[in-house]
Amino acid sequence: MDTLLQQLINGLTLGAVYALVALGYTMVYGIIGLINFAHGEVVMIGTMVAFTVIVSLAGSGMSPLLVLGVGLLVSVVVCMILGWALERVAYRPLRHAPRLTPLITAIGMSIVLQNVAMIIWGRNYITFPPMIDKKIYELGGASFTNVQVAIVSLAALMMLGLIYLVHRTRIGMAMRATAQNPHVASLMGVDINRVIAMAFIIGSALGAVAGCMVGSYYEIAHYQMGFMLGLKAFTAAVLGGIGNLAGAMAGGLLLGVIEALGAGYIGDLTGDFLGSHYQDIFAFIVLIIVLMFRPSGLFGERTGDRA
Amino acid sequence: MSEHQILLEAHAVAKHFGGVKALHDVSLTIRRGEIYGLIGPNGAGKTTFFNCLTGLYRNEGGHFVFDGARLAADAPHKAAEVGIARTFQNIRLFGNMTAIENVMVGRHLRTHAGVLGAITRNSATRAEEAAIGRRAEELLHYVGIHERAHDYAKHLSYGDQRRLEIARALATEPKLLALDEPAAGMNGTETEALRLLVEGICRDGVTVLLIEHDVKLVMGLCGRVAVLDYGEKICEDVPSVVQRDPRVVEAYLGGSVA
C-alpha cells in the first residue's frame, strides 16, 4: 500500500513537470501544426541558465529563496527570448513549406541547441547547490518533500494562469481563433505572426519553469537531459490529444503516474528481472498504444476546417 | 463624382490560376454609403475578387485604392485594419467558440491589451475587456441573435450563423462590408430579414459590397450592380438597366428571360 501511495506522489510530481513541458508542444501544434522537437532543449537551457544564476548568486549573501526566485525569473526570460528567436529564425521562413521541412528543421535546432549547451556548460553532469532545506513529510506510510509540494503547486498555478489567459483574455481569444482558422482570424484583424510568436514565447516560459523544477527535484542537470524529457512530454501531449491544452495537462499527470507506478512495480512483475531504471519504457509503451488505438488522444478532437 | 465620394476603386485587377483567367482586368468603383451588387454565373470570379480585395489572394495585375490610399494587400489583417470586413460563402465561424467570443475576436483589431496587461490585470486592461464584451453584446443584439450569445457557433442554425458572421465582421468597425452570398440557403422569411438587416447596416453608415445569387434580393437592395462573366466585367449600372442588358441576359439569365 505504501509503495502505491509513494509512487502516486512521485508520479504526480513528475507528471506536473511533464504537463508543463507538454503544454509547450501542444500550443505550438494547435496553432501551426508543427511538432517543435527543439522544445525539450529549450527546457534544458532553462535548467542550465537557472543553474548558472543560482551558482553565481549563492555566495552573495542573498536569501536562498530570493536566489531561487531570481534564477527562475532569469531562466524564464532567457527561454522566452530563445523561443521567440527559434520561431523567427528557424520556422517562420518555412511557414509555407511542406510539413516535413519545419519538422526536420526542428530536429536540427534541437541538435544545435544541445551542442551550444555542451560548449557553454560542458559535457559533465552539473550539480545544483542545495538552496532549500529539505523537509520531509509523512503521509500514510509514504513520504514527500517540500520541494515536491512546491513543484506541484507552482505547476497548478501556472496551468490555471494559462487556462485563464487562453479563455478570458483578448490575446487568448486571438490564439484560439487562429488555431481554428488562421485565415479567417487574420481577416478579423488578428496578426497571425504575432499569435504564433506568442505561442512559442508562452510555451517556452512554461518550459523554463519546468526546467527549474527538474533541476531542483533531481539536483543534477546535463546538456542532453532535454531529449528524453522532451520525448516524454511529447508522449504526454499525444496521450492527451495533441493541440488540446486540457489534454496536455491530463496527459502529463497521467503519464507521470503511469511511469512512477511502472517503476515501482516492474521488479515485482518481472521477478526482479527488470529494475526501476527501466521506467523509461513505460512512456513509450503508452505512446505506441495511443498511436495504435486512439491516435487523436484522450481529449482529441478534430481541429476546424482550414480556410 | 468627387474624390471623397469614392470608397473603393479596383483598377484592372487580374488574377489567374495556372491557365485559367479567374479575373481579367476588372475595374469598378464603389461610392460611400451605397449597396453595390456583384453578380454573375457560377465561376465568374466573384469570390476570387473578394479574396484579392481582402488579401487572401495576391492579384497578379492591377490594384485597389481604398479610402484614398493604395491597398497593400499582402496580409489579410492589414485589409481589416484599413476597414474592409467580409463574410464567407461557406460559413467560416470559429465553431468551437461561443457566438459572443466570435464577435469578440472581431474586436481584436480595435483593442490593444497585450500579454503584459493580461498578466497584470491592470485597470486599463479590465476596462477594455469589459468594453469588448459590451460591444459584442450590442452587435449580437443588432443582428438579432443575442439569445444565443453563449452557445457554440457550430450549434447555431444556418441563418443565425450567417448573422453571426455579419456581427463578427461589423465588430472590426469596417467602412466596407463585403458579403459573399449571405442569402445562400435561406428561405423567403430569412431572406427578407436579411434584406432589412443589410439596409440597416447601410443606413448606419457602412458601405456594402454584396455578392449574391438571389437576383430578386440584389435588384431590390442594390443601388448599382456589376456583372462578371468568365472573369470579365460585362456590365455595370443600376439594376433596372442591368436587368435588360442583352449581354447580361445572355450570360447570366441564359438568354430566355428577355
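Two residues are in contact if their C-beta atoms, placed from the backbone, lie within 7 Å. This is a predicted model: local features need pLDDT of at least 70, side-chain atom pairs count only at pLDDT 80 or more, and totals for chains, interfaces and linings use all residues. Residues are numbered from 1 along each chain as its sequence is written, and chains are lettered from A in the order in which they are written.

**Domains of chain B**
- Chain B splits into domain 1 (1–83 + 174–258) and domain 2 (97–172), with bounds from an automatic or database domain assignment.
- Their centres, taken over C-alpha atoms, are 27 Å apart.
- Nine residues of domain 1 of chain B are in contact with nine residues of domain 2 of chain B.
- On the domain 1 side, helix 2 (76–82) and helix 7 of chain B each give two or more residues.

**The sheet**
- Helices (H or I, at least four residues) and strands (E, at least two) are DSSP runs, numbered from the N terminus.
- Six strands of chain B form an open, mixed sheet in the order 6-7-8-3-9-10; two strands pair if DSSP finds at least two bridges between them.
- Strand 6 (84–86) and strand 10 (232–237) of chain B are at the edges with a single partner strand each, so one side of each has no neighbour in the sheet.
- Strand 3 (residues 35–39) and strand 9 (residues 224–229) of chain B pair in the parallel sense over four bridges.
- Tyr36(B) has Arg224(B) as its bridge partner in strand 9 of chain B.

**A helix across the sheet**
- Helix 7 (residues 188–203) of chain B lies across strands 3, 7 and 8 of chain B, at about 150° to strand 8.
- Axes are lines fitted to C-alpha atoms, for helices over the stretch in contact, and angles run from 0 to 180 degrees between N-to-C directions.
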